[in-house]
Amino acid sequence: MVPKNRTDPSSEQAEALAIGALAFLASEPEALGRFLSFTGLGPANLRSAAAAPGFLAGLLDYFLANEALLVDYARDAGVPPEEIARARAALDT
């Protein structure tokens, strides 16, 4: 678990970062294909799945489990990878 500190993102900021992670995946066809294969989702039901409770947290878990993907997204988002871990923790609160 990532310790809380004064730089933790709000739940709204964490959600925005997670939504950005989904957009990042959508822009990377190979990475999106791996994610869909891993989750059992398909392109047709991804949008409805994204609205489900826990999806954004699970999405960030997926990024945190894949260091290369995490680093690429963090670079693209202009945040340190640790910020994504803090965002994931904020989604639990």
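Which residues in H4 meet Glu67, Leu69, Leu70 and Tyr73 in H5? Some notes on that and on H2 follow.

1. Ground rules: this is a predicted model, where local features need pLDDT of at least 70, side-chain atom pairs count only at pLDDT 80 or more, and totals for chains, interfaces and linings use all residues. Residues are numbered from 1 along each chain as its sequence is written, and side-chain values use heavy atoms, leaving out hydrogens and water.

2. On the H4 side it's Tyr62, Phe63 and Leu64, with contact meaning heavy atoms within 4.5 Å. Helices here are DSSP runs (H or I, at least four residues), numbered from the N terminus.

3. H4 and H5 pack at about 110°, axes 6 Å apart. That makes H4 roughly perpendicular to H5 (65 to 115 degrees counts as such; axes are lines fitted to C-alpha atoms over the stretch in contact, and angles run from 0 to 180 degrees between N-to-C directions).

4. Now H2, residues 29–39: Ala31, Leu32, Phe35 and Leu36 are its buried residues (under 20% relative accessible area, with exposed being over 50%; 1.4 Å probe, protein chains only). Seen down the axis of H2, they fall within an arc of 135°, so they line one face; the arc is that of the directions from the helix axis to the C-beta atoms. They pack against H1, H3, H4 and H5.

5. The other side of H2 has Pro29, Glu30, Ser37 and Phe38 exposed. After H2 comes Gly40, with a positive phi near 80°.

Conventions
Helix = DSSP H or I, 4+ residues; strand = E, 2+ residues; numbered from the N terminus. Parallel < 35°, antiparallel > 145°, perpendicular 65-115°, else oblique.
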